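Subject: Handover of a structure and the findings from it

Dear colleague,

Please find below the structure that I am passing on to you. I would be grateful if you kept it open while reading the notes that follow.

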Amino acid sequence: ADGLHTQIISPLERGLREHLFQCIYKLDGTDRLCVSERAQCVPSRVLHLLQLPADVSEQEVLALALPFGRVNKLITLRTKDQAFLEMMSEDAAATMVNYYTTATPTIRNQPIFIQYSTHRELKTDNLTNQRAQVALQTISTAAVQSANMTPGGEGRGLAPGHSSVLRIIVENLFYPVTLEVLQQIFSKFGSVLKIITFTRNNQFQALLQFSDAMHAQHAKASLDGQNIYNGCCTLRIDFSKLSALNVKYNNDKSRDFTRADLPTGELEPSPTFGVALPPYGAAAFPPTFHQHTGETGTSVFIFVLSSFKVIYSVFFLFLGVYGDVQRVKILFNKKENALVQMSDATQAQLAMSHLNGQRLHGNVIRVTLSKHPVVQLPRGGAGQEEQALTRDFSGSALHRFKKPGSKNFNNIFPPSATLHLSNIPSSVSEEVLKELFSSSGFTVKAFKFFQKDRKMALMQLASVEEAIEALITLHDHQLDHNQHLRVSFSKSTI
């Protein structure tokens, strides 16, 4: 704004609530108000926003404030990357400041600093701020209209074309994103009424309806471009053309939170695994999972679409690529299904993410999270068959991740046709290894020793399914009197 100059006396740092600056505010050509203020944590309905993007719009600034109440006045200082907001009440301003103390506000992934101003009110008769006031009046009016509508209504949103329904695309989907995770994230910005999840063009997507468009606007402004988990599961958010969602079933794919009477529409078990996320609006949300009291571990539920004889060691070795399997239980009445307990919830998530939908022995494997936190060992009075259905692998020497800081944590990859072989004795040649896999029924397409370390090699088989079966068959195969072959999936190709 013309005539407004701010001199920063001490560096601004996130979380710093007190700094010195001099503010000279020109109201018009003749009247000048000079204020030398020391920002303090004294509540005021006027808020000072700093470290804004250079080309920030009035709509982006207002999106931060409107969920907390009506905004009376707005002054944007683009040359200084700052803005002043006057809320309708001091309580609204305090609510906004308190919320953003724990949930860092962002605009286009840039953290914003918000503090109380020593100004008790703003004067906005400066012609250079007319555009800000027009935007304020337009958006605030739309927000009020939206807030007064009944849930599930048609909602016009905060600006033309904005509805209460968001379209969400999750990119770089390393960890599974469930309906419950989305509900937990987005409910921080308002009442979530309905969610529908689906896959389109090999991308996980969702439609999410808020109770009003104001909350949808705020959620989009705060979460677009954020990662759900550290370095992955990036949210891309747009407004949907739909004004309301029609949800027919309440299950793990769709949910109407206003109607508990809807049928499930399916017989498959729904994941009930909870994810606890840190404060929202940060640059990333590291995966922090709820742990159950008592025994540690989290179970995954595995079943196939056509029956085959379940072998405990198959699941132990198959899922053991992504975590340490503690127990395996074959279901008494459905022996093609199994419960597998991993060491912790992160490992359970990894197993589900990488193995769901893979093929084993010609059957498609389905992997979901179980409602059971652990696999219970049979009681002493259990019958012989029930005793035989559960195996305890907690003491196995084949666990890949039992050592803290193991390099195996850095080499977890999805199943692929190329296998990584390690712990190869110097006496074992390429021909011996090829013959080992060929004689076991696998087709070797290519082989290569590591140039700098002959204890490791890559072997490419005919398919991903064949590589999975080869890993299960030959991992820990004895190559000489004291060395056993280690097999894992590789991210490389030959």
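In which loop is the place of Asp 81? Asp 81 sits in the loop between strand 5 (71-77) and strand 6 (82-87). Please bear in mind throughout that this is a predicted model.

The backbone at Asp 81 deserves a remark: its phi is near 60 degrees, a positive value in a residue other than glycine. With a relative accessibility of 29%, Asp 81 counts as partly exposed. Asn 172 belongs to the loop between strand 10 (165-171) and helix 4, and its relative accessibility of 48% makes it partly exposed.

**The chain as a whole**

The secondary structure of the chain consists of 10 helices and 27 strands. Of its 494 residues, 49% count as buried. Among the contacts in the chain with a separation of 6 or more, 68% are between residues 24 or more positions apart.

**The nonpolar cores**

The largest nonpolar core has 78 residues, and the members that touch the most others are Phe 186 and Phe 437. Helix 6 (residues 312-319) gives the most to this core, namely seven residues. Apart from neighbours within four places in sequence, Phe 186 is in contact with Leu 166, Ile 168, Val 192, Leu 208, Phe 210, Ala 219, Leu 223, Leu 235 and Ile 237. There is also a second, separate core of 26 residues, and Leu 49, Val 71, Leu 85 and Ala 94 are among its members.

Is helix 6 largely enclosed or largely open? Buried here means under 20% relative accessible area. Seven of the eight residues of helix 6 are buried, so the helix is largely enclosed by the rest of the structure. The buried residues are Tyr 312, Val 314, Phe 315, Phe 316, Leu 317, Phe 318 and Leu 319.

Helix 1 (residues 58-65) is mostly covered, with six of its eight residues buried. In helix 1 these are Glu 58, Val 61, Leu 62, Ala 63, Leu 64 and Ala 65.

The largest pocket holds about 910 Å³ of space. It is lined by 30 residues, and those closest to its centre are Asn 408, Asn 411, His 420, Ser 422 and Ser 488. Strand 24 (418-422) and strand 27 (486-489) each supply at least two residues of this lining. Strand 27 provides the largest share, four residues. By class, the lining of the largest pocket has 11 nonpolar, 11 polar and eight charged residues.

The second largest pocket has a volume of about 660 Å³. Its lining is made of 24 residues, and Pro 176, Val 177, Phe 204, Lys 253 and Asn 356 lie nearest its centre. Two or more residues of the lining come from each of helix 4 (179-186), strand 11 (192-200), strand 12 (203-210), helix 7 (345-355) and strand 22 (363-369). The lining of this second pocket divides into 11 nonpolar, nine polar and four charged residues.

Why does the second largest pocket lie between domain 2 and domain 3? Domain 2 (165-256) and domain 3 (299-376 + 385-392) both give residues to its lining, so the pocket lies between them.

**The cavities and Leu 398**

A search of the whole structure finds four cavities of 30 Å³ or more. The largest cavity has a volume of about 70 Å³. It is lined by Phe 316, Leu 317, Gly 320, Gly 323, Asp 324, Val 325, Leu 398, His 399, Arg 400 and His 475. By class, this lining has four nonpolar, four polar and two charged residues.

Leu 398 counts as partly exposed, at 25% relative accessibility. Leaving out residues up to four places away in sequence, Leu 398 touches Phe 316, Leu 317 and Asp 476. Leu 398 and Phe 316 are 82 residues apart in sequence, and their C-alpha atoms are 9.4 Å apart in space.

A colleague

Terms used:
Residues are numbered from 1 along each chain as its sequence is written. This is a predicted model: local features need pLDDT of at least 70, side-chain atom pairs count only at pLDDT 80 or more; totals for chains, interfaces and linings use all residues. Side-chain values use heavy atoms; hydrogens and water are left out. A nonpolar core is a set of buried Ala, Val, Leu, Ile, Met, Phe, Trp, Tyr and Cys residues joined through side-chain atoms within 4.5 Å. Buried means under 20% relative accessible area, exposed over 50%, partly exposed in between (1.4 Å probe, protein chains only). Contact means heavy atoms within 4.5 Å. On a 1 Å grid over the protein atoms alone, a cavity is a set of points where a 1.4 Å probe fits but cannot get out, and a pocket is an open set with protein on both sides within 12 Å along at least five of seven lines; lining residues have an atom within 4 Å of a point. Grid points are joined across faces, edges and corners, and a volume is the space filled by probe spheres set on the points. Ala, Val, Leu, Ile, Met, Phe, Trp, Tyr, Cys and Pro count as nonpolar, Asp, Glu, Lys and Arg as charged, and the others, Gly among them, as polar. Domain bounds come from an automatic or database domain assignment.
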